[in-house]
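Keep the sequence and the structure side by side as you read.

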Amino acid sequence: MTADQIIQLMQSPGNLNRETLPLLKEIVERYPAFETGWYLYLKNLKNLNDSLFEQQLMLGALRIQDRRRLYLFLNQ
């Protein structure tokens with residue numbers, strides 16, 4: 001996934017789908033401190049009503065500094 005694709009997804013999180021999920025999962029596994037990756041991965045899980053969302057939210061919340069911003073992003 002390129003930087004331009006990540007920026008596009010941050011601007012339009014409604015475009016997250018089943019195809020983007022494995023790419024984002026790979027990003028957070030490879031770069032666990034990359035907050036934007038976590039934002040997008042968690043939003044993707046939530047959009048798909050994935051059963052892993054709650055478990056991954058706990059892991060992501062540990063790595064994201066501004067949880068209020070995460071909450072707002074996930075619930076927009």
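Start with Y41. Leaving aside neighbours within four places in sequence, Y41 is in contact with L21, L24, K25, V28 and Q56. Contact here means heavy atoms within 4.5 Å. This is a predicted model, in which local features need pLDDT of at least 70, side-chain atom pairs count only at pLDDT 80 or more, and totals for chains, interfaces and linings use all residues. Residues are numbered from 1 along each chain as its sequence is written, and side-chain values use heavy atoms, with hydrogens and water left out.

Y41 also belongs to the largest nonpolar core, which has 18 residues. Such a core is a set of buried Ala, Val, Leu, Ile, Met, Phe, Trp, Tyr and Cys residues joined through side-chain atoms within 4.5 Å. Buried means under 20% relative accessible area, exposed over 50%, and partly exposed in between, with a 1.4 Å probe and protein chains only. L40, Y41 and L42 touch the most other members. At least two residues of this core come from each of α1 (3-11), α2 (20-30), α3 (35-47) and α5 (67-74). The largest share, 6 residues, is supplied by α3. Helices (H or I, at least four residues) and strands (E, at least two) are DSSP runs, numbered from the N terminus.

Now the rings. A pair of aromatic rings is described by the distance of the centres and the angle of the planes. Rings of Phe, Tyr and Trp (its six-membered ring) pair if their centres lie within 6.5 Å; planes under 30 degrees apart count as stacked, over 60 as edge-to-face and the rest as tilted. The whole structure holds 2 aromatic pairs. W38 and Y41 are edge-to-face, because their centres are 6.0 Å apart and their planes stand at 70 degrees. Both lie in helix α3, 3 residues apart, about one turn of the helix.

Y39 is buried at 3% relative accessible area. F73 is buried at 9%. The charged end of K43 sits over the ring of F73, 5.9 Å from its centre. That term requires NZ of Lys or CZ of Arg within 6 Å of the ring centre and within 35 degrees of the ring normal.

Finish at T20, in helix α2. T20 is buried, at 12% relative accessible area. Not counting residues up to four places away in sequence, T20 touches L9, N15 and N44.
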